[in-house]
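Here's a quick briefing to read with the model open in your viewer. Take it topic by topic and click along as you go.

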Amino acid sequence: MKRREFLKASLLGAAVAAVAPLDLLGGTKGRPKKGGAELKISLQEGVTPGETLKEKLDFMENHGVVGLEPNGAGLAGRVGELKEALRGREVKISAICAGFGGFILSEDQAVRDEFDRTMREIIAAAGELGSTGVIMVPAFNSQVPVMPHTQSTRDYLIERLRLLGDYARQCGTTVILEPLNRKEAFYLRQVADAASICRDAKNEGVKCMGDFWHMTSEDPSDSGAFLSAGPYLQHVHIASRATRNMPGEDGAVDNYVDGFRTLKQMGYANYVSFECGSKGDRMQTVPAALELVRSQWKEA
């Protein structure tokens with residue numbers, strides 16, 4: 001935490017400079033607008049208490065949660081079920097969490113083909129459901145053989161993302177790059193890295209996100225991380241800082257005010273979605289976490 005505080009001031013300046021091409025320094029098109037920020041809380045389907053989808057949605061509505069984040073695996077076959085379950089409710093589909101096969105940076109063409117086929121299936125389903133986007137990671141550490149970490153690999157990734165972004169736009173949704181911590185994925189670790197890929201892709205269908213859990217390890221400042229995302233920020237994940245459980249279950253370290261303040265300044269109005277476990281009974285820990293998040297958003 002001392003390192004985070006020590007680097008915070010310098011990182012803020014560096015972040016603004018780094019995203020100057022994103023129009024954060026001027027009044028040109030694409031600049032995030034102040035005001036209009038809204039805390040739209042989402043829960044991943046597996047995080048939400050309840051045995052059935054109806055029970056989960058009932059719980060969400062009873063606690064003011066407005067977004068559901070399902071996994072992408074098998075999503076195409078669930079479109080009808082989800083549409084019917086959401087009919088007449090305040091809850092909407094937020095982002096779709098991965099669920100594809102293969103991975104985009106595999107050295108094996110068959111694995112890359114599997115990724116492209118399954119990812120497009122999920123994108124199409126996400127569009128039907130009105131989702132804000134499909135979350136993807138270029139490669140986890142466990143996925144091998146993987147392309148080397150070189151400029152040519154980055155160029156290849158951007159080329160493929162442009163194609164996926166075009167398809168996502170046709171479907172009315174986006175592709176969302178998620179940076180992870182180095183224990184899970186070495187290739188893409190900081191929000192600024194993801195934002196620079198979005199910038200170079202030059203495609204409205206290619207966005208990125210920030211995850212407080214991964215940012216705790218990789219970004220010295222929550223504020224700097226979100227600033228670096230600029231207009232490409234499409235989604236946010238939240239969890240406790242030390243154990244990746246419900247916000248608040250790790251005590252005082254679970255402070256998100258700095259990041260929330262910047263989201264407000266940026267006019268962020270997409271979802272903040274819970275991706276976490278729980279040390280206790282979710283019927284108690286989820287409402288407590290919701291209260292904490294809302295109070296800190298208000299404080300920010």
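How many bridges join β1 to strand β2 (residues 67-69)? Three of them do, and the two strands run parallel. Keep in mind that this is a predicted model. The chain has ten helices and nine strands, and buried residues make up 52% of its 300 residues. Of the contacts with a separation of 6 or more, 79% come from residues 24 or more positions apart.

**The sheet**

- The nine strands form an open sheet with parallel pairing, in the order β3-β2-β1-β9-β8-β7-β6-β5-β4.
- The edges belong to β3 (92-93) and β4 (95-97); each has a single partner strand, so one side of each is left without a neighbour in the sheet.
- Strand β5 (residues 133-136) pairs with strand β6 (residues 175-177) in the parallel sense, over three bridges.
- If you want a residue pair to look for there, Val134 stands opposite Val175 in β6.

**Helices on the sheet**

- Helix α6 (residues 191-201) packs on the sheet and touches β6 and β7 (206-211). The direction of α6 makes about 170° with that of β7.
- Helix α10 (residues 282-299) also packs on the sheet, where it touches β1 (40-44), β8 (233-238) and β9 (271-274). Here the angle between the directions of α10 and β1 is about 150°.

- Is β1 enclosed or open to the outside? Five of the five residues of β1 are buried, so the strand is largely enclosed by the rest of the structure.
- Side chains in a regular strand alternate between the two faces of the sheet.
- In β1, Lys40, Ser42 and Gln44 are on one side, Ile41 and Leu43 are on the other, and all are buried, so both faces are covered.
- On the β9 side, four bridges join β1 to β9, and the two run parallel. Lys40 stands opposite Tyr271 in β9.
- Towards β2, the bridge partner of Leu43 is Leu68.
- β1, helix α2 (residues 53-62) and β2 together make a right-handed β-α-β unit.

**How α6 meets α8**

- The axes of α6 and helix α8 (residues 222-229) come within 8 Å and cross at roughly 5°. That makes α6 roughly parallel to α8, as the label covers angles under 35 degrees.
- From α6, the contact is made by Val191, Ala192 and Ala195; from α8, by Ala225, Ser228 and Ala229.
- What kinds of residues make up the contact of α6 with α8? Five are nonpolar, one is polar and none is charged.

**Helix α9**

- Seven of the ten residues of helix α9 (residues 257-266) are buried, so this helix is largely enclosed by the rest of the structure.
- The buried residues in α9 are Val257, Asp258, Gly259, Phe260, Thr262, Leu263 and Met266.
- Just after α9 comes Gly267, with a positive phi of about 75°.

**The loop between β5 and α5**

- Phe140 sits in the loop between β5 and α5 (151-171). Its relative accessibility is 33%, so Phe140 counts as partly exposed.
- Which residues does Phe140 touch, not counting those up to four places away in sequence? They are Leu180, Glu184 and Ala185.
- Phe140 and Ala185 are 45 residues apart along the chain, yet their C-alpha atoms are separated by 4.5 Å.
- Pro145 is found in the loop between β5 and α5 too. A cis peptide bond joins Val144 and Pro145, with omega at about -5°.

**Backbone angles to check**

- Most residues other than glycine have a negative phi, and most peptide bonds are trans.
- Ala98, in the loop between β4 and α4 (109-128), has a positive phi near 50°. At 23% relative accessibility, Ala98 counts as partly exposed.
- Arg244, in the loop between β8 and α9, also has a positive phi, near 60°. Arg244 is partly exposed, with a relative accessible area of 21%.

Methods: Residues are numbered from 1 along each chain as its sequence is written. This is a predicted model: local features need pLDDT of at least 70, side-chain atom pairs count only at pLDDT 80 or more; totals for chains, interfaces and linings use all residues. Side-chain values use heavy atoms; hydrogens and water are left out. Two strands pair if DSSP finds at least two bridges between them. Contact means heavy atoms within 4.5 Å. Axes are lines fitted to C-alpha atoms, for helices over the stretch in contact, and angles run from 0 to 180 degrees between N-to-C directions. Angles under 35 degrees count as roughly parallel, over 145 as roughly antiparallel, 65 to 115 as roughly perpendicular and the rest as oblique. Ala, Val, Leu, Ile, Met, Phe, Trp, Tyr, Cys and Pro count as nonpolar, Asp, Glu, Lys and Arg as charged, and the others, Gly among them, as polar. Buried means under 20% relative accessible area, exposed over 50%, partly exposed in between (1.4 Å probe, protein chains only). A crossover is right-handed if, with the strands pointing away from the viewer, the path from the first strand over the helix to the second runs clockwise.
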